[in-house]
Amino acid sequence: MSETKIPREGRTQLRVGRLTKAHGLKGAIKVEMYTDAPERRFVPGAVFSLQVPTSSPWHGKTLELIELKWFNAQPVAFFKGIPDRSAAEKLVKAILWIDHDPNEAPEDDAWFNHQLIGLKVIRDGKQVGTLAQVDHFPAQDLLTVTTENGDVLVPFVKSIVASVDIDAGEMVVTPPPGLFEEIADDASVDETVAADSAVADSAIAEPADADVADSTKSD
């Protein structure tokens with residue numbers, strides 16, 4: 001998804017990107033964008049707070065952008081204090097946050113965590129649960145959805161979260177099979193196939209039901 005807003009250290013910040021891989025020998029780092037407006041967020045002089053493990057030498061520090069370039073449609077950033085590849089590699093997987101300006105125009109697909117928590121989670125027109133928690137990880141955000149059968153972890157990606165409607169209090173999801181329900185094991189599937197075959201054989205044995213038998217086989 002796009003930018004995520006969250007209160008951090010007493011102020012509201014926006015998560016706008018993640019550093020993924022050192023690029024070249026001069027300290028450049030590839031960036032995975034979490035914003036639809038990189039031209040507004042990644043300008044020379046922009047200062048980013050870093051989400052890194054407490055064991056990282058960059059914990060509690062900030063990065064100032066020198067320049068953002070594009071190589072083969074891939075954004076690559078240069079930062080102050082990162083002179084070479086060795087220094088860049090220490091920042092891989094760091095998540096970038098910037099301070100939120102309450103006076104700026106809102107960006108599409110950007111929400112505060114408190115706006116998301118409590119939303120009804122809708123699948124195929126029916127509520128399957130309630131959004132209880134949002135966690136931010138280096139690879140992606142993860143949603144905890146409370147259902148009748150317990151909590152379900154849902155990746156916050158466009159292929160699964162189709163839409164978010166804060167005014168309606170709903171989040172529509174299109175999850176893959178098995179995310180919200182149990183998938184039959186091989187034994188159950190075999191039993192179902194055997195039962196269907198028995199029904200088909202029985203139908204074929206009755207001449208008066210020949211049309212039904214043909215229909216069953218075609219399925």
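**Close-up views of a predicted model**

**View 1. Aromatic pairs.** The count comes to two aromatic pairs (rings of Phe, Tyr and Trp, the last by its six-membered ring, with centres within 6.5 Å; planes under 30 degrees apart are stacked, over 60 edge-to-face, the rest tilted). Phe48 and Phe79 form an edge-to-face pair, because their ring centres are 6.3 Å apart and their planes stand at 85°. This pair links distant parts of the chain, with Phe48 in strand E4 and Phe79 in strand E6, 31 residues apart (strands are DSSP runs of E, at least two residues, and helices runs of H or I, at least four, numbered from the N terminus). Phe42, Phe48 and Phe79 make up one aromatic cluster. The model is predicted, so local features need pLDDT of at least 70 and side-chain atom pairs count only at pLDDT 80 or more, while totals for chains, interfaces and linings use all residues. Residues are numbered from 1 along each chain as its sequence is written, and side-chain values use heavy atoms, with hydrogens and water left out.

View 2. Phe48 counts as buried because its relative accessibility is 0%, and Phe79 counts as buried at 2% (buried is under 20% relative accessible area, exposed over 50%, partly exposed in between, with a 1.4 Å probe and protein chains only). Apart from neighbours within four places in sequence, the contacts of Phe48 include Val16, Phe42, Leu63, Leu65, Phe79, Leu96 and Ile98 (contact means heavy atoms within 4.5 Å). Arg41, Lys61, Thr62 and Trp97 are also among these contacts of Phe48.

**View 3. The nonpolar cores.** The largest nonpolar core has 24 residues, of which Leu19, Phe48, Phe79 and Leu91 touch the most other members (a core is a set of buried Ala, Val, Leu, Ile, Met, Phe, Trp, Tyr and Cys residues joined through side-chain atoms within 4.5 Å). Among the elements that each supply at least two residues of this core are strand E2 (11–23), strand E5 (62–71) and helix H2 (85–89). E2 gives the most to this core, four residues. A second, separate core has 17 residues, including Leu131, Leu143, Val173 and Phe180.

**View 4. The largest pocket.** The largest pocket has a volume of about 220 Å³ (the space filled by probe spheres set on grid points, which are joined across faces, edges and corners). Its lining has 13 residues, with Thr147, Asn149, Val152, Phe180 and Glu181 nearest the centre (on a 1 Å grid over the protein atoms alone, a pocket is an open set of points where a 1.4 Å probe fits, with protein on both sides within 12 Å along at least five of seven lines; lining residues have an atom within 4 Å of a point). Strand E10 (126–136) and strand E12 (150–155) each supply at least two lining residues, and E12 gives the largest share, three.
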